[in-house]
Amino acid sequence: MTVGGGPVVHGYPHLETVRAAITALYKRLSYDTVHAFDTSVAPVDVAFGDQDDLYPGVQRVARAMVRHLRLPDARVIVSFRAMEHAASVELAAGPEYFIELNDRFRTHRRDIGAALAHEVMHVYLHRLDLSFPGTRDNEILTDTAAAYLGAGWLLLDAYREDGASSQKLGYLTPEEFGYVLAKRALAFGEAPETWFASAQAYTAYTKGLAHARRDEQRPPLTAAGWAGRRRYAKDRRYAREHSAGTPPEAGTRDGTYAFSTDGLGALRVSFPCPTCCQRIRVPARGRIRARCTLCRTELECDA
C-alpha cells in the first residue's frame, strides 16, 4: 500500500475499476456473504492512542481486522521497518501472515488501523482467490473491498490535507473512498460520517455520497430528473426507428444506458444497477419493475 506525501489527487479517475470491483465482490462472495458484513468495524475496536504500548496495541488492532473479515485461521504477525511504501504483506500459504508497516507508524499510531485494514484485506482476497490483473487495478480492488466490507472507512479517515502537508493512504482518491463508503451506506443503512476524526475525510465522504446518489437518479430509473427522462425518451425513440440498434451517443453521454434488440426484434435497454454496478437488461416498454439478480435490489424503471 502506498502513502501519499505530495499533492493529493482528487476526483474519480479510477471509477470504472471501482465499480468493477464492487460487482466482482458480489459475484465472488454472493449476496448473503456480502450482507454478512452489514456492520462495519467499530471505532472503539481499532482505536490506537499515543499512550498505548506499540506492539500489544498493533496486535490488538490486527486481531480486530482478522475477526471482522472472518479469518479465524489467519494469525497476523506485524513488524516495523524503514520502507518506501506504507505497508506490505507476505501472502504465503499460511497459517501465519506477516505484515510490515512503515516505521512512520511508530509515531502515527492513529493510522495503524487504516494500514492494517488494507493489508488484511489482501489476505482475505488471497484466500478468496479474487484478484484483478495488474498491480494498480488489484490495489484498487483491495481498497474498494476494504471500504465496501466495512473496514475501509479507516483508510479515508487517514486522509488529511492542509497548506503545509498532506497524507493519504491507499490508491483511491478521497472522493472515490467516499463513493464506495456511500454505496455501502446506502445498501446497509449506515452513517459512517459520524466516525471521521478528519474534517477532510468528512468532506470527501459527502462528495462521494452525492456522486453515489446520482447513480440512483439516472434513466431509465424513475428517480431520474426531468432532463434525463426527456433525453432518454428521445434516445429510445431513435432506437425504435433505426433497426441497427444502439443510437448515436445513447448510453455514452452519462455512461449508463444502451439500447439493443433481442432475437425477435424487440427493443431492450441495459443499464448499471445502482447498488452492485452489474448491468441489467430489460424490455424498453415503459413502466417496469426490475430486480437485480446479483444484489437483489428492486428497481422502478420507466424503460
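Hi everyone, let's start with helix H5 (residues 112–128), which lies across S2, S3 and S4 and runs at about 145 degrees to S4. A word on terms: helices (H or I, at least four residues) and strands (E, at least two) are DSSP runs, numbered from the N terminus. Angles run from 0 to 180 degrees between N-to-C directions, with axes being lines fitted to C-alpha atoms, for helices over the stretch in contact.

Please keep in mind that this is a predicted model, where local features need pLDDT of at least 70 and side-chain atom pairs count only at pLDDT 80 or more, while totals for chains, interfaces and linings use all residues. Residues are numbered from 1 along each chain as its sequence is written, and side-chain values use heavy atoms, leaving out hydrogens and water.

Now, the sheet. What is the order of its three strands? The open sheet reads S2-S4-S3, with mixed pairing. Two strands pair if DSSP finds at least two bridges between them. Strand S2 (75–81) and strand S3 (87–90) are the edge strands, each pairing on one side only. On average, neighbouring strands of this sheet are turned by 20 degrees against each other, direction ignored. S3 and strand S4 (residues 96–102) run antiparallel and are joined by four bridges. As for Val89, its bridge partner in S4 is Ile99. Helix H4 (residues 54–68) packs on the sheet as well, touching S2 and S4, and its direction makes about 135 degrees with that of S2. Contact here means heavy atoms within 4.5 Å.

Let's move on to helix H9. Its buried residues include Ala201, Ala204, Tyr205, Gly208 and Leu209, where buried means under 20% relative accessible area, exposed over 50%, and partly exposed in between (1.4 Å probe, protein chains only). Against which helices do the buried residues of H9 pack? They pack against helix H1 (15–29), helix H7 (153–157) and helix H8 (174–188).

Finally, a look at Ser40, in the loop between helix H2 (31–35) and helix H3 (43–46). Is Ser40 buried or exposed? It counts as buried, because its relative accessibility is 9%. Its side chain makes polar contacts with the side chains of Arg184, at 3.1 Å, and Glu190, at 2.9 Å. A polar contact is a pair of N or O atoms within 3.5 Å; within protein, one must be able to donate a hydrogen and the other to accept it, and residues adjacent in sequence count only if both atoms are side-chain atoms.
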